[in-house]
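Visitor: I would like to know what the labels used for a structure rest on. Please take me through a few of them.

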Amino acid sequence: MKEEMASVYSFLDVEKKWYDYWLNKDYFHAEVDDSKKPFCIVLPPPNITGSLHLGHALNATIQDILIRWRRMQGYNALWIPGTDHAGIATQMVVERELLKEGKSRWDLGREKFLEKVWDWKEKYGNTIVEQLKKLGVSCDWKRFRFTMDEEYSKAVIKAFVELYKKGYIYRGERIINWCPRCRTAISDLEVRYIEESSYLWYIKYPFYDEEGYIVIATARPETMLGDTAVAVNPEDERYKNLIGKKVILPLVGRVIPIIGDETVDPNFGTGALKVTPAHDADDFEIGKKHNLDFISVIDEKGFMNENAGKYKGLSVLECRKKIEEDLEKEGFLLKKEVYVHDIATCDRCGTPIEPMISKQWFMKMDNLANPAILAVEESKVKFIPDRWKKVYFDWMYNIRDWCLSRQLWWGHRIPAWYCNDCGYINVAEKSPDKCENCGSSNLKQDDDVLDTWFSSALWPLGTLGWPEDTKDLKYFYPTSVLSTARDIINLWVARMIMMGLEFKKDVPFYHVYVHPTVLTREGKRMSKSKGTGVDPLDLINKYGADVTRFGLAIQCTEMQDLRFHEENFENTRNFTNKIWNASRFVISNLEDRKYSEVKLEYHLLSLSDKWILSRLQKEIKEVTDHLENYRFSEYVKTIYNFFWNEFCDWYIEMVKPRLSQKEDPESRLVSQTILWKVLSDNLKLLHPVMPFITEEIWHKLPENSESIMISSWPISEDTFIDEKAEKDMEFIMESIRTIRAIRSEFNISPSDVIKVDFYTLDKDKEILLLGNSGYFATLAKAEINKVDEKKDIKNVVHKVLEGVDLYVNLKGLIDITKEKERIKKELEEALNIKKKIEERLSNEEFLRKAPENVVEKEKEKLESINRKIRSLEESFNTLE
C-alpha cells in the first residue's frame, strides 16, 4: 500500500518537488516521432523587460491545459518557449539605468552600449521565465529561443534579404509616426490614441490679390508654418469658386494655392483645410497628388527647426502658445473654441507622436496580405471566438505599407550597406567586402534596426529551424494553435500568417484562440501605478499554482473580458481541500491490488454504482468536448460540479456502509473499484489545469504509472452509460433532498430518525423506493414505508414528487406549539421587512434619485422576502 496521505494538503511541500521531478524525467521535451501525431504550440514570447502579469498567467494556463491534455491523449506535444528582445522597451530600460550615472548611450557609443544591453539581458532578461515556471508550465525548456540568438537572427536577416530581392522591401521618404522621446519611427499599430480636451483655432488666411480671406480651423496652429496649400472639397458650394486662387500664409508671408480635393470633409471646422504635407498623413497624400512642396518645421527631438523662422528652438507646445499670441496680435485669429479629440501617442512612453517625413525602410503589404486574407476566409486559420476575424479583416483589407526601420541600436541591424562612392545599396545576409555595383570597398552599414514585430512575425518558423529545412519544421509546422491577446491580432498574428504563407507556403497555425482581457472587478484595465493591478505571484504564494490556474480558467468564458474576482480563488482553495480529503478517504479504503483488472460488468452493481459510472462517462465526454472547443470555463466547471456534487456529496456517502461491511466482499470490491476508477479518471481530467495536486495524489493511488502527466486521457465507455439508472437515481436524490429540507425547515434534531410514508400507484416507483431504502437511512436518517392510501395531512408535511406522495409525521419529532410560535415570530418579522421595502419602492422620490442597480436590489429583496413568507405560511399551515 502507498504511503499515508497528510491530513492537510500543503502546496508549499508539493509544487517545487514535482516540477523538478518532471524536468528530471524530461517529460516536457519532444523530438520528431513519426509514429505519433504532432501537436505544437509556440509561446507568445514575452519581452525580456517583462514580469508576469495576470494576462500572461491566464494565457500560459490556457496553453498548458492544451499541451498537457494533448500529451495525455497520445500526441507528440511540443510547447516552444522563448523571449523577445523588445527593441524600444529594452533600450529605454538600459538608457534609464545609464541616466542614473549621468550618461547617455551617445556617451558610450553603439558597441559599448550594446554590451551594456546584453549584460542587462543576462542579468534580468529571464525573470518572467522563472515566474512562468512557478505557475507549472510544461514548456520544452531545451528548445528555448530568444529573438536575437544566433540561429534566430539568421532567419530574420534571411527573410529581409529575400523580401528585398522580391521587391517587397524598399527605402524611401514617406510620412511616418515619429516619437520625439524614443527618437525613432513607430508603426501605426504602435500608436495609442488618448482623448484630450484642447482647442480649435479659427485663422484667417488673406487672399493674395484681392480683399477678404478664407478661414481655416486647426487643432495644431504650430504646423501652419509648414503649410503649402489650403484645400476645399470641390463639391462645397461655399468654396468651389475659390479653387485656383491664392492666399498669404499668416505670420510667414508665403503665397500658397487653394486647391480642390474630394477627401476634405466639408463638415469639419469651416470646411477649409490647411495642408501641411510634411506633418500629417492625410495631408501627405494630398501633397503627393497635387505636387505640393513638403516643408518640415519640426525636428526629431520635437522642437521647431530652421524652417520655422523666428520660432526655431521652441518646443511644439511653446511654439503653439507663441503662434496664438502673434496671430491675435496681427489680427489673424478669429476665435478659438474647446475641442475634444484623440491625440496620437507612443504606445511605449506616452509621448505625443509627430507625423513627419523621413527616409525609412518600408515593406509593401498588398501582395503579402491577399493570401493571408484568403487563408482566414477559407478557414485554413480559424479564430476562436469567431468574431475576432472581423478585427483581422478590417485591418487586412485596408493595410498600408509597413515602416520596418527603427532608429535604435538594440535589435536586428538592417542588412544594408551603402557604397560611399556610387551610392548603391548592397543588401546581403553577410557583410559584403565590396560594392556589387562598382567594386568599391568603401561601404557603411545602415545604422537602423528592424521593428521588433518583424522578427516576431517569424516566430513559428524561426523556432523550428527555418530557413533550414529541418526535421522539426517538416514535422511540427504548421503549429496547432496560437493563444494570444486581442490587442496584437494585427501587430503579430496577421504578420505571422503573412510570413508563414510567404516562406513556407502554409499557414503558421490552424487555430487562433483569443483569450479574454483580465480587468478589475469594476471592468477597468488593471494598473500597477493606480494600485488596481493584481500580481499573479501573490496569488501563487497565497493559494498555490493549482488554485491560481483553476481560478483563472473558471473565469475564462467566451466573453470579451474577464473581471477579476478573488472569491474564485477562495472557492477553488476549498475545492482543492475537497479533492484532497475525498482522495484521502478513497485511498484509505483501498488495498494494494490491481483494480484496473476488476471487470465491473461481471459483478452485481447497485443503482448508485450504475449511476456514478454513467455520470462519469458523460463527464469525460463533456470535458473532452469543452477542451476541443476551447471552452475553458466549462471544462473546469464540469469537473468541479461532478467531483464535488455527485462524487463526494452523493456517491462516497452512499458507499460508506458497504466499505465497512467485510462480510460482503463482492460489494466491497465493487465499491472500491468504482471509487478508484472515478478518482483516477477525475485526477486525469483535472491534471491539465491542476498539475501539482493531481500528481501528488496520483502517487498515493495503487498501481498507477510513474507520473499522471504521461498517463492516458480517459475515454468514455458507452457500455456504462445507463439513462434509466441516472433517471432513477435523480428521483432518489430529489426525494432525499426533500426530506433533508423538511428536517432543516422544522429544526428536527440530526439524531432523530424520521419516519417517511409514501403512497403511489406507480409500481416501478414503489420498487425503486423500497429497493433503495438504505440510501434514505444513510443520507437522510429516514425510515421509508409504503402506505396503501393517501393520508390525512394534519401535522404532517406532504410533498408530491413524480406521482409519489411523501408524508413526514412531525408528531413526536418537534414541539409543535413551540415551533408554531417560532414560525409566527419569523413570519411577523418577514412581513415587517416586506412592508418597509414596499414603502421604499412606492416612494417616487426614492425611485427618481436612487441608482438603477439600487432599485433593482430592492426589487430582488422583495421577491426573496415574498418567497420566505410563502414558505413560512406553508409551514405554519402544516402545523395547524
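Guide: Start with helix 17 (residues 545–553) and helix 18 (residues 567–588), whose axes come within 9 Å and cross at roughly 125°. This is a predicted model: local features need pLDDT of at least 70, side-chain atom pairs count only at pLDDT 80 or more, and totals for chains, interfaces and linings use all residues. Residues are numbered from 1 along each chain as its sequence is written, and side-chain values use heavy atoms, with hydrogens and water left out.

Visitor: Why are helix 17 and helix 18 called oblique to each other?

Guide: Angles under 35 degrees count as roughly parallel, over 145 as roughly antiparallel, 65 to 115 as roughly perpendicular and the rest as oblique. The crossing angle is roughly 125°, so helix 17 and helix 18 are oblique to each other.

Visitor: Which residues make the contact?

Guide: Helix 17 contributes V547, T548, F550, G551 and L552, and helix 18 contributes N568, F569, T572, R573, F575 and T576 (contact means heavy atoms within 4.5 Å).

Visitor: What makes Q407 count as buried?

Guide: Buried means under 20% relative accessible area, exposed over 50%, and partly exposed in between, with a 1.4 Å probe and protein chains only. Q407 has 16% relative accessibility, so Q407 counts as buried.

Visitor: Where does Q407 lie, and what polar contacts does the Q407 side chain make with Q360 and D448?

Guide: Q407 is in the loop between strand 17 (405–406) and strand 18 (416–419). A polar contact is a pair of N or O atoms within 3.5 Å; within protein, one must be able to donate a hydrogen and the other to accept it, and residues adjacent in sequence count only if both atoms are side-chain atoms. The side chain of Q407 has such a contact with the side chain of Q360 at 2.8 Å, and another with the side chain of D448 at 2.7 Å.

Methods. Axes fitted to C-alpha atoms, helices over the stretch in contact; angles between N-to-C directions. Helix = DSSP H or I, 4+ residues; strand = E, 2+ residues; numbered from the N terminus.
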